[in-house]
Amino acid sequence: MNKKEIPYKIYLEEKEMPTQWYNVRADMKTKPAPLLNPATLQPMTAEELGAVFCDELVRQELDDCNPYIDIPQEILDFYKMYRPSPLVRAYCLEKKLQTPAKIYYKFEGNNTSGSHKLNSAIAQAYYAKKQGLKGVTTETGAGQWGTALSMACSYFDLDCKVFMVKVSYEQKPFRREVMRTYGASVTPSPSETTQVGRKILAEHPGTTGSLGCAISEAVEAATSAEGYRYVLGSVLNQVLLHQSVIGLETKAALDKYEIVPDMIIGCAGGGSNLGGLISPFMGEKLRGERDYRFIAVEPASCPSFTRGRFAYDFCDTGKVCPLAKMYTLGSGFIPSANHAGGLRYHGMSSTLSQLYDDGLMEARSVEQTAVFEAAEQFARVEGILPAPESSHAIRVAIDEALKCRETGEEKTIVFGLTGTGYFDMVAYEKYNNGEMTDYIPTDADLEKGFAGLPKVEA
C-alpha cells in the first residue's frame with residue numbers, strides 16, 4: 001500500500017503488541033524528585049513504601065534506570081482481550097473543520113471499563129495476587145479507575161474497596177453500579193467509615209469531596225487491614241509505566257505507515273493517560289532523535305500545570321501519604337462541584353511535572369462548556385461519544401486544526417481518546433439543557449491551597 005493511502009483505522013496485529021513497558025525516566029536527564037516521608041522529610045525507602053504498595057510495584061516506582069521492563073505473560077494474555085487498540089484517522093472531523101491538518105486519535109474505550117485505566121488496573125491486581133494479598137483499596141473520581149480496578153480484581157478474585165469522590169458518586173450512579181456488578185464495595189468520600197474521613201467532614205461540613213480526600217481514606221483502609229494494599233490509578237511512576245502501552249502502540253501504528261506527528265495532545269488530570277501516550281515519543285526527544293510538540297490539556301477549574309506551583313506537596317488531603325514534588329494547587333484544594341469533566345486531582349505526576357518544568361512540553365487550560373461543545377462536535381461526525389476527560393484533548397486538537405486552516409499548514413495531530421462518555425450523561429444533559437457553567441478559581445481561591453504547602457528545603 002502506498003504510504004499516502006492511510007486506512008480509516010490502523011490496527012496492529014496481535015504479534016505486534018508491545019511485550020515490554022517503556023520507562024521514560026531512564027532517558028530523563030533530570031530525574032523526578034523522590035517521594036518524601038511526611039514525618040522525616042527524607043526520601044521514602046522501599047521498605048516504607050512496601051507498607052502501602054505491593055512489593056513489585058514499589059520496585060517499579062523507584063526504578064529510574066531501566067528503560068524497558070518485561071510485561072508478565074498473564075498480563076499480556078489479559079491485554080489481548082481488548083488490545084491492540086485502534087489508531088483512527090479522523091477523516092470526518094477533518095472534513096467538517098475544512099482543515100488541511102491530519103488528525104489521528106488513539107481510542108482506548110474499547111473495553112467494558114470504557115477507558116485506558118484497565119492497562120494499569122490489571123497490572124496492579126496481578127502483582128497484588130502474586131504477593132498473596134486478600135484485596136486492594138483505591139479512590140476514584142469520575143469512576144473510570146474504580147470501574148477498571150473492579151474488573152481486574154474480579155478477574156483475579158481479589159476484594160476491591162473503592163472510595164469514590166462524593167460529587168461523582170452522586171452524579172455518575174451508573175459507573176458506580178458497574179463497579180458493584182464486578183464485586184467492588186463503593187463508598188462516597190469523604191465518609192464516616194475512616195478516621196481521616198470523619199476529620200475532613202468535621203473541618204469541611206457539606207464538602208463534595210476531592211481525589212485528595214478519597215486517597216486519604218483508601219490509604220487508611222489499606223494500612224489498617226491485614227492482607228490489603230493501596231493501589232492508585234494515576235500520578236505515580238508505576239502507573240505511567242503501565243500506560244506506556246498506549247504510546248508504544250501509537251508509535252508502532254504510525255511507523256507502519258511512515259507517519260510522523262507534529263504534535264501529540266492529551267488530557268491531564270494526574271497524568272496517567274498523557275504520560276502513557278507521550279512516553280515513547282518523549283524518549284526520542286530526550287535522546288535527540290526527533291522533535292515533537294507535546295500539549296497537556298487540563299480543566300480551567302483545576303489548573304495544576306498552568307496555575308499551580310512546582311513544589312513538594314502531600315498527595316492527599318488528609319496528609320498521610322508521601323510528599324511528591326509536582327505542579328500542585330495544594331492538597332487542600334477542592335474543585336468546584338460544578339466541574340463535571342473529571343481531571344479533579346490537585347496535583348500532577350512528578351515525572352510529567354519535571355518534563356514540563358524542563359520546558360519539554362506545553363500546558364493549556366480549557367473551560368468546561370468549550371470542552372462539551374468539542375465533545376458534541378466530535379460525536380456528531382466521528383460516531384463516538386467521548387468521555388468528558390478525553391474531550392479536553394479534543395478541544396485543543398480542534399483548536400490546533402482550525403489554526404492550520406487559517407495558515408494552510410498541513411500539520412499532523414495525534415490525540416488520546418481515553419474513553420467513552422456513556423456513563424457521563426448527567427453532564428451531557430446539563431450541557432444540552434444550558435445548565436452547565438464555567439468556573440475558574442480566583443487567585444485568592446488558589447492562595448488558600450498554596451498556604452497549606454509544606455515547608456520543604458530544596
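# How we know: burial, sheets and cores

Q: Why is Phe423 called partly exposed?
A: Phe423 has a relative accessibility of 26%. Buried means under 20% relative accessible area, exposed means over 50%, and partly exposed is in between (1.4 Å probe, protein chains only). Since 26% falls in that middle range, Phe423 counts as partly exposed.

A quick note on the model comes next. This is a predicted model, in which local features need pLDDT of at least 70 and side-chain atom pairs count only at pLDDT 80 or more, while totals for chains, interfaces and linings use all residues. Residues are numbered from 1 along each chain as its sequence is written, and side-chain values use heavy atoms, with hydrogens and water left out.

Q: Where does Phe423 lie, and which residues is it in contact with?
A: Phe423 sits in the loop between strand 15 (412-417) and helix 17 (425-432). Helices (H or I, at least four residues) and strands (E, at least two) are DSSP runs, numbered from the N terminus. Contact means heavy atoms within 4.5 Å. Leaving aside neighbours within four places in sequence, Phe423 meets that criterion with Lys172, Phe174, Arg175 and Val178.

Q: How do you know how many disulfides the structure holds?
A: A disulfide is a pair of cysteine sulfur atoms within 2.5 Å. For Cys153, the closest cysteine sulfur is in Cys160, 4.1 Å away, so this pair is too far apart for a bond. Cys315 is in no disulfide either, as its nearest cysteine sulfur, that of Cys321, is 6.1 Å away. The count for the structure is zero.

Q: What makes Cys153 and Cys315 buried or exposed?
A: The relative accessible area is 1% for Cys153 and 11% for Cys315. Both values are under 20%, so both residues are buried.

Q: Why do strand 6 and strand 7 count as paired?
A: Two strands pair if DSSP finds at least two bridges between them. Six bridges join strand 6 (residues 135-140) to strand 7, and these strands run parallel. Strand 7 (residues 159-165) also pairs with strand 8 in the parallel sense, over five bridges. Lys161 of strand 7 stands opposite Thr137, and its bridge partner in strand 8 is Ser185.

Q: What makes strand 8 and strand 9 the edges of their sheet?
A: The open sheet of four strands has the order 8-7-6-9, with parallel pairing. Strand 8 (185-189) and strand 9 (228-230) each have a single partner strand, so one side of each has no neighbour in the sheet.

Q: Why is strand 7 described as largely enclosed?
A: Five of its seven residues are buried, so strand 7 is largely enclosed by the rest of the structure.

Q: What makes a group of residues a nonpolar core, and which is the largest here?
A: A nonpolar core is a set of buried Ala, Val, Leu, Ile, Met, Phe, Trp, Tyr and Cys residues joined through side-chain atoms within 4.5 Å. The largest has 73 residues, and Trp21, Ile75, Tyr79, Met282, Phe305 and Met361 have the most contacts inside it. Helix 5 (residues 118-130) gives the largest share, eight residues.

Q: How do you know that the buried residues of helix 18 line one face?
A: In helix 18 (residues 443-450), Leu446, Gly449 and Phe450 are buried. The arc is that of the directions from the helix axis to the C-beta atoms. These buried residues fall within an arc of 100 degrees, so they line one face of helix 18. On the other side, Ala444 and Lys448 are exposed.
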